[in-house]
Amino acid sequence: MSRMLFPNIAVYHQEWLDVGDGHQLYIEQSGNPNGIAVVYLHGGPGGGSSKNHRRYFDPEKYRIILFDQRGCGRSKPSPSLSHNTPPHLVSDLEAIRKHLSISHWLIAGGSWGTTLALLYGIQYPEVILGFILRGIFLGTKAEYDWLYKPHGAASFFPEYYREFKEQISELSDVNTLQTYYDVLTGNNEIAAIAASKAWCLWELRLSTIEHSPVDIQADDYPHRALCMAKISSHYFVNKCFIEEGLILASIDKISTIPAIILHGRYDMVCPLRSADLLVKNWPAAQLQILPNAGHSGFESQTIDGFCKATDTMANFIAEQSVSK
């Protein structure tokens with residue numbers, strides 16, 4: 001039987017943590033305060049957390065921690081590119097762990113959240129119980145080219161890519177990514193908002209083979225779209241501030257940590273090849289290819305796989321704890 005998300009649960013604690021550089025992170029906790037600590041890393045960069053991310057986890061078994069990465073969502077200021085790079089985000093994540101007095105935790109995430117999870121794990125492997133990752137993104141040139149150049153995802157969605165290009169066609173027809181970044185970070189706020197909506201629409205159209213999980217009519221959508229587009233383009237024009245191939249080259253540092261990797265067969269945002277490469281180099285990782293899923297974290301097969309993975313990991317961690 002296919003699993004559904006766990007029921008809606010209330011937050012029992014929320015706060016804003018000052019991490020320096022003028023940034024305050026929104027952090028919330030739900031579930032069992034004495035349960036297995038798990039932190040969920042949202043996508044983007046700049047996507048922000050969702051109340052539905054809590055619902056991947058059994059609230060009786062898990063102490064569920066969500067937060068908005070610096071510069072986006074309910075974190076302050078938002079959107080912000082200031083002091084916003086992977087080392088800052090990794091440092092923020094460790095600051096959250098220490099602030100919440102957590103000795104070891106499970107790391108979960110999707111899309112860009114998998115990149116951040118892997119970078120954090122490579123730096124702090126000793127505090128990690130395991131990983132549950134969906135829609136792997138390794139921050140490589142091939143992955144940016146797939147999304148923003150005409151020979152990749154555009155070959156499957158030519159009409160949507162044409163609309164995406166038309167938003168900036170009067171400015172440049174050479175470097176789509178750089179031109180979007182220039183508009184999004186420019187002084188024309190109206191142009192930036194229009195570009196952010198076009199940026200997010202392009203990715204949303206690629207993300208699911210079911211229905212769109214995002215209500216673009218919601219009151220907060222313009223802000224969320226601007227955060228997503230502005231921060232994502234900031235990262236991507238700078239090659240995610242990651243040395244090419246760094247994650248795979250450093251995977252030995254987490255090679256013995258158990259991981260469940262979920263990836264949709266028809267993921268048009270983050271192609272399956274990245275997940276396959278990762279698992280080939282990670283002996284303790286298990287890849288589950290979802291045969292009828294795309295990129296979204298809220299398609300039926302992805303929900304089923306993720307919720308089953310959180311139960312599997314909870315049982316594994318409990319068994320490990322008893323055996324020690």
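Me: Which word describes how H1 and H2 lie to each other?

Reply: H1 and H2 are roughly perpendicular to each other (65 to 115 degrees; angles under 35 count as roughly parallel, over 145 as roughly antiparallel, and the rest as oblique). Two packed helices are described by the angle between their axes and the distance between the axes. Here, helix H1 (residues 86–99) meets helix H2 (residues 112–123) at about 70 degrees, and their axes are 10 Å apart. Axes are lines fitted to C-alpha atoms over the stretch in contact, with angles from 0 to 180 degrees between N-to-C directions. Helices (at least four residues) and strands (at least two) are DSSP runs numbered from the N terminus.

The structure is a predicted model, in which local features need pLDDT of at least 70 and side-chain atom pairs pLDDT 80 or more, while totals for chains, interfaces and linings use all residues. Residues are numbered from 1 along each chain, and side-chain values use heavy atoms, without hydrogens or water.

Me: Which residues of H1 and H2 make the contact?

Reply: From H1 come Pro86, Leu89, Val90, Leu93, Glu94 and Arg97, and from H2 come Trp112, Leu116, Leu119, Tyr120 and Gln123. Contact means heavy atoms within 4.5 Å. By class, the contact of H1 with H2 holds 8 nonpolar, 1 polar and 2 charged residues (Ala, Val, Leu, Ile, Met, Phe, Trp, Tyr, Cys and Pro are nonpolar; Asp, Glu, Lys and Arg are charged; the others are polar).

Me: At what angle do H5 and H6 pack?

Reply: Helix H5 (residues 176–184) packs against H6 at about 140 degrees, the axes being 8 Å apart. This arrangement makes H5 oblique to H6. On the H5 side are Leu177, Tyr180, Val183 and Leu184, which meet Ala191, Ala192, Ala195, Ser196, Ala198 and Trp199 in H6. The contact of H5 with H6 has 9 nonpolar residues, 1 polar residue and no charged residues.

Me: How many salt bridges does the whole structure have?

Reply: A salt bridge is a side-chain nitrogen of Lys or Arg within 4 Å of a carboxyl oxygen of Asp or Glu. The search finds 14 of them in the whole structure. In one, Glu28 pairs with Arg54, and the closest N and O atoms are 2.6 Å apart. The pair links distant parts of the chain, 26 residues apart: Glu28 is in strand E2 (residues 23–31), and Arg54 is in the loop between strand E3 (36–41) and strand E4 (62–67).

Me: Which other residues are linked with Glu28 and Arg54 in a network of salt bridges?

Reply: The network also includes Asp68 and Arg74. Asp68 forms a salt bridge with Arg74, with 3.3 Å between the closest N and O atoms.

Me: Is Glu28 buried or exposed?

Reply: Buried means under 20% relative accessible area, exposed over 50%, and partly exposed in between (1.4 Å probe, protein chains only). Glu28 has 1% and is therefore buried. Arg54 is buried at 13%, and Asp68 is buried at 1%. Arg74, at 37%, counts as partly exposed.

Me: Which parts does the salt bridge of Arg205 and Glu163 tie together?

Reply: The side chains of Arg205 and Glu163 meet at 3.0 Å, N to O. Arg205 is partly exposed at 26%, and Glu163 is partly exposed at 40%.

Me: Where is Asp304?

Reply: Asp304 belongs to helix H10 (residues 300–323). With 14% relative accessibility, Asp304 counts as buried. The Asp304 side chain reaches the backbone nitrogen of Arg3 at 2.6 Å. Apart from neighbours within four places in sequence, Asp304 is in contact with Met1, Ser2 and Arg3.

Technical notes:
Polar contact = N/O pair within 3.5 Å; in protein donor to acceptor, adjacent residues only side chain to side chain.
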